[in-house]
Amino acid sequence: MYCVLRTRSSQCFLTIKSMCVVLLLLSITSGKVCAGLNYGEALTKSLLYFEAQRSGKLPSDQIVQWRGDSAPGDGSDAHIDLTGGYYDAGDNVKFGFPLAFTTTMLAWGSVEMESQLHAHNEYQNVLVALKWATDYLIKAHPEPNVLYGQVGNGTLDHECWMRPEDMDTSHPRPSYRIDAQHPGADLAAETAAAMAAASLAFARSDAAYAKTLISHAKDLFEFGKNHPGLYHESITNVDGFYTSTGHEDELLWAAAWLHRATGDQMYLDYLTQASDSGSVRSSFSWDDKFVGAQVLVAKLVFEGKVKNEGKMAEYKRMAEQFICNCAQKGYRNVKKTPGGLLWFFQWGNLQYTATASFVLSSYSKYLEAAHASLQCPNGVLQASDLLGLARAQVDYILGSNPKSMSYMVGFGTNYPNRPHHRGASIVSIKKDPKLKACGEGWDTWYNTTEPNPNVLYGAIVGGPDVNDVYQDERSDFQHNEPATVTVAPFVGVFAAIA
């Protein structure tokens, strides 16, 4: 037996042989504590979640030891290497649309909250999580007008309850792509946004890599702009999982990021000449990026890089009305649960709370830097008010709620023990290397009321319903399935308030 002691922020992780026993050896002193909640700990654990979602060959410094290598043949059917990337949620499919949005939000957090991430010794860990995604996205874009947008058949995958490590040649993983004859402007543009945002994150530490990302982003933007259409009409297998409602928002989002990354006037012109600024949105998500584009343009206004007039003023006004609605000071306020959680949708609500909290945190910075305030229809908001609103949402999620329950797995003492997640719910391949068949896990693991054998540290489940009701049941995928699109925005939020 041997021991390797490694530190990550102020937590220690003890690895013994092939299994990892995670021990909180020291009380965490980094980060502010509010009502007994430690945001620095939440930040650290949120990044561990991405290790658990990794596909492909795992690196030697992997901390989450219950995971193993998986899907080594991804892309082989198309004679291309599509290994790597992240599984989107509790299944074993790589869905490119939410993966790209996850990447964009991780990158945005790393850029917007860089100083805070450095202060908590997590900046490099964010870049590691980000690069695991961008390395895959680069592989998925082998030609200017070709982008692989999915690996794995969603329908067949959901018939199985098995570990990702158990997928072999008897479990086919087809590769799906868009191209000029089978377009998907939404997918192409979201991936362009991801590459452009990530280029900013890597600009100082790896200029050559950042340049590669920008090159891909430019090609993908042109691909999407010149070949309109919805990607799920080309990749029909994604229908029912991550169906898109439009591509105009992704093109604006991509243009905003490309302008921020390059300064090229052509991308600003695209934003200025767009026929639709998105109006006031009811949410910001993997499917609807209008709020994100509006906030990025508002930042330009605050910085004096564009005038607060015309289309630019319209973007800013729309962003601020969304914020006012979240703060309960608008015309169409976002619903809140009795316990105070912003509530958008019945299915996986916390992913929408995550993005709203990120917008509040970022806009707080813009207001503070500009010495400005936000005039809402029903009151004035200061920068501190916005950050306080984001903190209140985090506090709810981490345990200050009617159930006194943390919705982050592994945070506190009362958290979900049965998240809807294949890998976490089945005994680790490190303990039981015998391959599990497709349907073998249903009776043995899925239907049991026992806690998951592997703790999915940092995962944030879908969350409670509109009445603050939540049941820790593995079968309740609407409320108990974690997803990368939920955790990625919270990385930036945790950093902002820690």
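**Exercise 1. State which residues line the largest cavity, and give its volume.**

Solution. Start with the term: on a 1 Å grid over the protein atoms alone, a cavity is a set of points where a 1.4 Å probe fits but cannot get out, and lining residues have an atom within 4 Å of a point. The lining of the largest cavity consists of Ala52, Gln53, Arg67, Tyr87, Gly90, Asp91, Asn92, Pro164, His421, Arg422 and Gly423. Its volume is about 50 Å³, a volume being the space filled by probe spheres set on the points, which are joined across faces, edges and corners. Searching the whole structure gives four cavities of 30 Å³ or more.

The structure is a predicted model, in which local features need pLDDT of at least 70 and side-chain atom pairs count only at pLDDT 80 or more, while totals for chains, interfaces and linings use all residues. Residues are numbered from 1 along each chain as its sequence is written, and side-chain values use heavy atoms, with hydrogens and water left out.

**Exercise 2. Describe the largest pocket by its volume and its lining.**

Solution. A pocket is an open set of grid points with protein on both sides within 12 Å along at least five of seven lines. The largest pocket has a volume of about 610 Å³. It is lined by 30 residues, and Phe241, Tyr242, Trp347, Phe477 and Glu481 are the closest to its centre. Next, look at the helices (DSSP runs of H or I, at least four residues; strands are runs of E, at least two; both are numbered from the N terminus). At least two lining residues come from each of helix H12 (350–370), H15, helix H16 (477–480) and helix H17 (484–497). H12 gives the most, with three residues.

**Exercise 3. Find the largest nonpolar core and the contacts of Phe50.**

Solution. A nonpolar core is a set of buried Ala, Val, Leu, Ile, Met, Phe, Trp, Tyr and Cys residues joined through side-chain atoms within 4.5 Å. Buried means under 20% relative accessible area, exposed over 50%, and partly exposed in between (1.4 Å probe, protein chains only). The largest core has 149 residues, and those with the most contacts inside it are Phe50, Trp108, Phe202, Trp253 and Leu271. Helix H6 (residues 185–202) gives the most to this core, with 12 residues. Apart from it lies another core, of five residues, including Ala71, Tyr87, Met162 and Met167. Now take Phe50: leaving aside neighbours within four places in sequence, Phe50 is in contact (heavy atoms within 4.5 Å) with Tyr86, Thr102, Leu106, Ala129, Thr484, Val487, Ala488 and Val491.

**Exercise 4. Classify the ring pairs Trp108–Trp257 and Trp161–Trp442.**

Solution. Rings of Phe, Tyr and Trp (its six-membered ring) pair if their centres lie within 6.5 Å; planes under 30 degrees apart count as stacked, over 60 as edge-to-face and the rest as tilted. The structure holds 28 aromatic pairs. For Trp108 and Trp257 the centres are 5.6 Å apart and the planes at 85°, so this pair is edge-to-face. Trp108 lies in helix H2 (residues 96–112) and Trp257 in helix H8 (residues 248–262), so the pair ties together parts 149 residues apart in sequence. Trp108 is buried, at 0% relative accessible area, and Trp257 is buried too, at 0%. For Trp161 and Trp442 the centres are 5.5 Å apart and the planes at 40°, so this pair is tilted. Trp161 is buried, at 0%, whereas Trp442 is partly exposed, at 24%.
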